[in-house]
Amino acid sequence: MTHISRRTVLKGTTAALALGVFAGPALSQAIEELVIAYNVNLPSWDPTVGPSAVNPTIQGIYQSVFDQFILQQPDLSPAPGLLTEWGWNEDKTKVTMTVREGVTWHDGSPFTAEDVAWSLTRAADPATGNPIQFIWSTLANVKAEGNTVTADVASFEPTIFKWMYFLTGYVLPKAYYEKVGAEGFEAAPIGTGPYMVDKFERNAFVRLKANPNYWGGKPDFETVTIKFVTDAASRVAEIESGNSHVTLEMPYEEFDRLKGGSGIGGIAHPISDIGMIFINDIEPMLDPNVRKAAAHAIDKKLLVERLLSGYGVPIDTLQTPDYLAYDPSITVAYDPELATKLLAESGYSPENPIKFKIQTTRGFKPKDYEIIQAIVGLWRKVGIEAEIEVYEIAKHYELRAADQLAPAAFYNWGNSIGDPSTSTGHAMFGPTPHSVWDGQELIDMIGPLWGEKDEDKRIAGWKAVDKHIAENALVIPLLQYVQPILHASGVAVTPHSSGALLPHLIKRA
Amino acid sequence: MKLLRATLLRLLTMSVTLIGVAVVVFFVIRVVPGNPIAMMLPPGATEDDVARLTALYGLDKSIVEQFVIWLGGVLQGDFGTSISLRQPVMPLVLGRLPATLELAIFALVIAVIVGGALALTGVRHRETRTETAVDVANGVGLSIPDFLWALILIVLFGVLMPIFHISGRISPSLDLPFVTQFYVFESVARLRFDLWWDLLKHMFMPALALAIPLAAIISQLLKQSLKETMHLDYVTLSRTKGYSENHVILSEALPNAMLPTLTLIGVQFTFLIGGTVIIERLFSYEGLGNMAIDAVINRDLPLIQGIVIVFALLFTIINLLVDMMYAVLNPRLRHA
């Protein structure tokens, strides 16, 4: 007779409990309800107001529920959305927009040109607190008639239509918003987007239901749950355990470990975010030899290969290859001999180095601190001794707005509309709170481009600015980031170059 | 009468503490680098735009003026509006507090059960290998911080044996009939054990991560205390009366030995609530701690103030309860 001990019984019971009662979902099962482990929380549902309105990472959630004025395709190019046509008149004093017909809001009410006109007017009203009000206020006297919206150009803004698929460029429901107010809208938001909000638990998840009347066609998944999992290790565990089907932004080492593994696929796609080093025009950066040496001493290819496992694209201007004003002929070569020579001309050497501070975040972007550590090592070889100061991103914003950054400061810049004015322009135009390089020569070059009406001339102007910046090392562009996405093998993900993970672009494989 | 006077005195001290916390927090978070307006400045914003947004959020006034306005609101029950969440602060904070309290209480229950069991086992088998094993377990439990326990548990029970949920408080697919935010208690009250089970599967790992270090502390202190008590005359007397060792430990030694442990549990419970901040983040648990981190990242000044004040109120209440409980349980204090 077999003896069954108390310990054996306990073991068996535990195993049965573990396998039966607690069993979780598996990656191999057919996916009915898509679950995404998202890397940020959604603080607020109004995509036009407050800090979340300008947080690029949140835009993917907003774009699931709300449509922007103009649709942005995964390659960043514009396409007809709620607006099917748009443009200026001949002398660029008026804009005309044609509104798509047959679209309904999530509550079933018809979407009209009035909604577009109201959304534009509201965005331009300083009282609403739209952080991009300064752009929207360049249009005035917005009127709707039939399916056409017209507006006067108060001041010419060449990128106004690009902002219609960028931050705060969303169409909200006039009648519904006026009926329920801001609080009511926050509690039960509606849009015209591919998904409708079914349930929202702040700091936890949002459950979305497919919009059966979506003008772009019903999405593949009837239900999508977006879980807010802000910790990267937990997101990796979510996908590894099969609790989530898609996740993004994890360490590249983890991405490499899991992609192609059992039931998990991976996509690494270049996005519109770049890493760069701001140069402040204070000592010792007023010496062009120091700036140029600092730029030429950095081996960007090596940084990408060694620190980012190859997931990054070295850049020499603030334009990525996807941007409108990208000019591959502008290059800043890795040339340590030249860097040593330039420093020697100013009396510096590895034995007698020039000393300054470089600021960086730590953990805000992939390997940010490690990249700066490596750069400091490369600089040391040519005669630059940089002291690293780690700061929080909030401090960076404050110091940059007050023009008090250190001589060198690492930062990342997002520009999902790919226009040079929103990359080189705002980063390098002295009078804005975003730029710390205040040289008059650059101000004189950039100034006329803001209102330039001839598009070819405008783009050529920005390329000239980029060339001037590269030749004088007024900023040190480093790399274009690559976004890692892990997904269950049962789904196919279309990445968006803006970095937004859009549920309606995820299909069954 | 004495007790009433002592309680009133404690309430007065609590009020002074809370006012002190409010003042310190208000001024400190405005002095540290990083302001909410800089966080929301988009590319292309001008100095005028900065000024417009600064005025819109009332940050253009002096810190003293801001404090007076804020205090005026607080006295009327208005703790301001969250900058990032765009809703009144106090309903937001009180809406999240129950989740954190349930997690902390669950962790405390686990810690007391595990720590108590370890201590009793160690004393029952003192000076044997079992006691050594208990000491080793205590050492491991204490030397590994709670966030590391969290990661270990995620790997063990979230990935390798996926039996518990890694993130959240409850499964999104469930329909929630709750009218309060105390989901665990309400699910039991409604006899909805399916919801209760789901809540437990979400809460188990974060609670265990919080509980392990506290369990080790409880075990160590209670074991030591029990061992000292075991040498006292009245315990020896009960042994000579022929009571079993288990009876001696549980009925004679434990009531006296647990008094210092109770005080420690009270103090440690406040630390445990503080520990929920990082643990809630790791498990994406929708509690006050998780909200606190977002508030700090976004420099949401009104929300930070609200959260800190509620935490401070909670800590003072716990301390008061511990003191009162100690007075009730300790005969010397009860009759003093």
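## Packing of α5 and α6 in chain B

In this predicted model, helix α5 (residues 89-124) of chain B packs against helix α6 (residues 129-143) of chain B at an angle of about 150°, and their axes are 8 Å apart. Angles over 145 degrees count as roughly antiparallel, and α5(B) and α6(B) are therefore roughly antiparallel to each other. The crossing of the two helices, α5(B) and α6(B), is left-handed.

On the side of α5(B), the contact is made by B:Leu118, B:Thr121 and B:Gly122. Helix α6(B) contributes B:Thr130, B:Glu131, B:Val134, B:Ala137 and B:Asn138. By class, the residues of this contact of α5(B) with α6(B) comprise three nonpolar, four polar and one charged.

## Overall architecture of chain B

Chain B contains 14 helices and zero strands. Its pattern along the sequence accordingly reads α-α-α-α-α-α-α-α-α-α-α-α-α-α. Along the principal axes, the C-alpha atoms of chain B fill a box of roughly 85 × 55 × 40 Å.

Chain B has 336 residues, of which 41% count as buried. Considering contacts in chain B between residues at least 6 apart in sequence, 74% join residues at least 24 apart.

## Contact between chains A and B

The contact between the chains takes 53 residues from chain A and 50 residues from chain B. Five helices of chain B, namely α2 (36-39), α3 (47-56), α7 (146-160), α11 (245-282) and α12 (288-297), each supply at least two residues of the side that touches chain A. With six residues, α3(B) gives the most to that side of chain B.

The residues on the side of chain B that touches chain A divide into 26 nonpolar, 14 polar and ten charged.

## Strand β1 of chain A

Strand β1 (residues 33-38) of chain A has five of its six residues buried, so it is largely enclosed by the rest of the structure. This strand, β1(A), pairs in the parallel sense with strand β10 (residues 223-228) of chain A over six bridges. Within β10(A), A:Thr223 stands opposite A:Glu33.

A parallel pairing also joins β1(A) to strand β11 (residues 246-248) of chain A, over two bridges. Here the bridge partner of A:Ala37 is A:Thr247 in β11(A).

How values were computed: Residues are numbered from 1 along each chain as its sequence is written. Chains are lettered from A and ligands numbered from 1 in the order in which they are written. This is a predicted model: local features need pLDDT of at least 70, side-chain atom pairs count only at pLDDT 80 or more; totals for chains, interfaces and linings use all residues. Axes are lines fitted to C-alpha atoms, for helices over the stretch in contact, and angles run from 0 to 180 degrees between N-to-C directions. Helices (H or I, at least four residues) and strands (E, at least two) are DSSP runs, numbered from the N terminus. Angles under 35 degrees count as roughly parallel, over 145 as roughly antiparallel, 65 to 115 as roughly perpendicular and the rest as oblique. A crossing is left-handed if the near helix is turned anticlockwise from the far one by less than a right angle, and right-handed if clockwise. Two residues are in contact if their C-beta atoms, placed from the backbone, lie within 7 Å. Ala, Val, Leu, Ile, Met, Phe, Trp, Tyr, Cys and Pro count as nonpolar, Asp, Glu, Lys and Arg as charged, and the others, Gly among them, as polar. A residue is buried if 20 or more other C-beta atoms lie within 10 Å of its own, exposed if 12 or fewer, and partly exposed in between; C-beta atoms are placed from the backbone. Two strands pair if DSSP finds at least two bridges between them.
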